[in-house]
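Hi there,

Here is the structure I promised to send over. Have a look at it first, and then read on for my notes on what turned up.

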Amino acid sequence: MNSPRPVLVVGASGFVGSRVARGLAAGGRPVLAAARRPLPEWFIAQPGVIPVLSTEVTALPGAVRAACAQAGAPLPGAVVASIGGWHKGAPLLDVDASEWSATLASHLTAHLEAARALVPLLEPGDPYIVLNGAASREAMAGSGAISVTGAGLAMLVQVLRLESRQARPPEAGPPVRFHELVIDHAVSGDDRNEDPAQTRTPAQVVSALGELLDHPGAPVVVHV
Ligand SMILES: NC(=O)c1ccc[n+]([C@@H]2O[C@H](COP(=O)([O-])OP(=O)(O)OC[C@H]3O[C@@H](n4cnc5c(N)ncnc54)[C@H](OP(=O)(O)O)[C@@H]3O)[C@@H](O)[C@H]2O)c1
């Protein structure tokens, strides 16, 4: 029997990405855990986890191919992009230009670069899932740059989906399916969220991802 194609988790060093990668692997899905810095030994020792180290998103395809070849695994059959994050800081008018540019780069441009680099690795109909947060839907004082980039990220996914469906000859098969998974509350255990009104467990996020990964007819935007 052929080995299943792994799920590529980008941002596997992050709070959510690390839990998603480990949770998917614990559920029996092989996972390519991609990060810009080496992941801890205990993480990559988990069965089903294949580490991918790449300091630049644009260099990820080569790193993914090399990691798959070394592990004897097929190329990924799905991408989960868990890039960015949340923090509270100064009001938007006081955010300095370098901080604004850094948030644009990490929370929005990195997603476009990841999609550009990784969609060509996928096959027709494979899922590409972008994680987003509550700030994308709700203006949050002190997190203005993250609210703006989160809203932009939601639109980015919509445009990618629209363009993937256009000018596609029937013989090319179905396009890559772009989904947005919006985590509407703090993920439990993340101490950066002070006194959250509600939380979601990493297991709930992993379960929602499983639904998107397994069901081609899943909604394009899902909230958890
Ligand atoms: N944590 C929560 O409670 C929570 C709640 C709701 C939604 N979410 C959503 O979950 C997603 C991930 O958030 P998180 O809390 O896990 O954030 P995080 O802990 O700050 O992790 C962010 C990840 O993105 C990576 N990253 C940042 N800039 C990058 C770039 N330019 N190129 C490549 N990778 C880059 C980081 O890599 P490095 O480690 O190398 O910096 C890290 O792996 C976001 O969409 C967020 O909105 C999180």
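Asp 190 is buried, as its relative accessible area is 14%, and the cut-off for that label is under 20%. Its partner is Arg 192: the two form a salt bridge in which the closest N and O atoms are 2.8 Å apart. Please keep in mind as you browse that this is a predicted model.

How many salt bridges does the structure hold? The count is 5, and a group of them deserves a look of its own. Arg 5, Glu 123 and Asp 126 are linked in a network of salt bridges.

Take Arg 5 and Glu 123 to begin with. Their side chains meet in a salt bridge at 3.8 Å, N to O. Arg 5 sits in the segment before strand 1 (7-10), while Glu 123 belongs to the loop between helix 4 (97-118) and strand 5 (127-133), so this pair ties together parts that are 118 residues apart in sequence.

Arg 5 also meets Asp 126, again side chain to side chain, in a salt bridge of 2.8 Å, N to O. Asp 126 lies in the loop between helix 4 and strand 5 and Arg 5 in the segment before strand 1, so here the parts tied together are 121 residues apart in sequence.

Now for the helix packing. Helix 1 (residues 15-26) and helix 6 (residues 202-214) pack at an angle of about 65°, and their axes are 9 Å apart. The crossing of helix 1 past helix 6 is right-handed. Which residues meet there? Helix 1 brings Arg 19, Val 20, Gly 23 and Leu 24, and helix 6 answers with Pro 202, Val 205, Val 206, Leu 209 and Leu 213.

Val 148 lies in helix 5 (residues 144-165). With a relative accessible area of 41%, Val 148 is partly exposed, and it can count towards the patch because residues there need over 30% relative accessible area.

Ala 59 is in the loop between strand 3 (49-53) and helix 3 (60-71), and is partly exposed, with a relative accessible area of 40%. Ala 59 and Ala 117 are 58 residues apart along the chain, yet their C-alpha atoms are separated by 7.8 Å.

Pro 47 is in the loop between helix 2 (41-44) and strand 3. At 68% relative accessibility, Pro 47 counts as exposed, the cut-off for that class being over 50%. Pro 47 and Pro 30 are 17 residues apart in sequence, and their C-alpha atoms lie 8.3 Å apart in space.

Happy browsing, and do write back with any thoughts.

Best wishes

Note on methods: Residues numbered from 1 in each chain as written. Predicted model: local features only at pLDDT ≥ 70, side-chain atom pairs only at ≥ 80, totals over all residues. Heavy atoms only, no water. Helix = DSSP H or I, 4+ residues; strand = E, 2+ residues; numbered from the N terminus. Buried < 20%, exposed > 50% of the residue type's maximum accessible area, 1.4 Å probe, protein only. Axes fitted to C-alpha atoms, helices over the stretch in contact; angles between N-to-C directions. Left-handed = near helix turned anticlockwise from the far one by under 90°. Contact = heavy atoms within 4.5 Å. Salt bridge = Lys/Arg side-chain N within 4 Å of Asp/Glu carboxyl O.
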